[in-house]
Amino acid sequence: MPDASTPPQRIDQRGKSDCVVSLKNGDSFAVNKNELLLMGALRQGISYPHTCTVGTCGKCKTKLLGGRISPLVDFALSPLTNRELSEGYVLACQAKVRSNLEIDVRLLDHDLILPRPMVGEITGWKILPGDVIDLRVTFEKPFTFQPGQYGALAVSGSYVRRSFSFYDPAPGPEGTREVGFLIKRLPKGRFSDWLARWDRRGVRIWMEAPFGQMGIEDRASDALCIAGGTGIAPVLSIANDRLTRFPERKLTIIFGVRSEGDLFALDKLEAIRARAPKSVRIIPILSHEPAGSAWTGHRGLVTDAIGDDLGMDVRRAAAFVCGSLPMVLAVEDRLKALGMPEAHIHADKFEPSGL
Ligand code: FES
């Protein structure tokens, strides 16, 4: 397990930065004044815990022992508990650094790939069922990422920046130039609605990546992947990775959408099942399929498909959960009720910006 005494990488690169962040174990790193604490750390390759970078997952929680930050959000409305708030915890992804800081945070025990900006062009564009866009972008230079990670995309020249997970298997160290995203079209969505209006192949795209840590889990175990809607994108990447690394382990993917007409990505799921038909199980479940339709599969919420019949010992399995905040919270409660330890549950909660 990571330990607060584990020395962070690339420590003490103070350069011209304004503020020094000192960790409880005596190490330190530098960030620019008014920079977000998490981004300042990631920029230097420090293995700072995080997933969402937008204040919803709580993974970057950090105890502030000294110094001043400005919160971007009201921490009372964040995943921090009242007790954590009273003990001085903040969210590093939402904390602008205003002075030298003293902090206590448990850094990760694996290296992170440094996020970096890159430029590419839309080379694949397809509307899938459920108003989902299958977007493929080819970048000028190869880059690498880990399963379940995501990038922040913007059309060149625009300030509208949105984060989406890669659905491809993680590339090797040589990297890849082309990646794919599954993007739900949101009414009035400034990025997604613009993207969906017509074929955007040839448009220049800017991206900063990679971010997130949901799929970085090295334990050989059976795995339960649970996705709502386009939350299936990181699950596809994670599932492919686990089949490569732990081919003898069972893998069940529960995929929830509203109705049969919204079932996109079935071809991608089928390709995963074809890799290991005996150990992979795929359970689509529909929450709003009309009664009396021809659908003979599961109906209900994704939590309704999590039962005793998953063919694995849930207490020993790992779970990878991606979807809306209420969905992820409900799944976490269900898994814990079935005896899965909290440390085995890796979640990525997203909330559409709506803009
Ligand atoms: S709350 Fe900060 S990374 Fe998710």
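Start by selecting helix α4 (residues 232–245) and helix α5 (residues 266–275): their axes come within 10 Å and cross at roughly 10 degrees. Here an axis is a line fitted to C-alpha atoms, for helices over the stretch in contact, with angles running from 0 to 180 degrees between N-to-C directions. That makes α4 and α5 roughly parallel to each other; the label covers angles under 35 degrees, with over 145 being roughly antiparallel, 65 to 115 roughly perpendicular and the rest oblique. Helices are DSSP runs of H or I with at least four residues, strands are E runs of at least two, and both are numbered from the N terminus.

A quick word on what you have open. This is a predicted model, where local features need pLDDT of at least 70, side-chain atom pairs count only at pLDDT 80 or more, and totals for chains, interfaces and linings use all residues. Residues are numbered from 1 along each chain as its sequence is written.

From α4, pick Leu236, Ala239, Asn240 and Leu243; from α5, pick Lys268, Ile272 and Arg275. These make the contact, meaning C-beta atoms, placed from the backbone, within 7 Å. By class there are 4 nonpolar, 1 polar and 2 charged residues. Nonpolar means Ala, Val, Leu, Ile, Met, Phe, Trp, Tyr, Cys and Pro; charged means Asp, Glu, Lys and Arg; the others, Gly among them, are polar.

Buried means 20 or more other C-beta atoms within 10 Å of a residue's own, exposed 12 or fewer, and partly exposed in between, with C-beta atoms placed from the backbone. The buried ones include Ile232, Pro234, Ile238 and Arg242.

Next, colour by domain: domain 1 (19–104), domain 2 (116–211) and domain 3 (223–350), with bounds from an automatic or database domain assignment. The centres of domains 2 and 3, taken over C-alpha atoms, are 23 Å apart. Across that boundary, 18 residues of domain 2 contact 18 of domain 3. On the domain 2 side, select β11 (161–165) and β12 (176–184), the elements giving two or more residues. β12 gives the most, with 4.

Last stop: Gly148, in the loop between β9 (132–143) and β10 (150–155). Gly148 counts as buried because it has 29 C-beta neighbours inside 10 Å.

Technical notes: Two residues are in contact if their C-beta atoms, placed from the backbone, lie within 7 Å.
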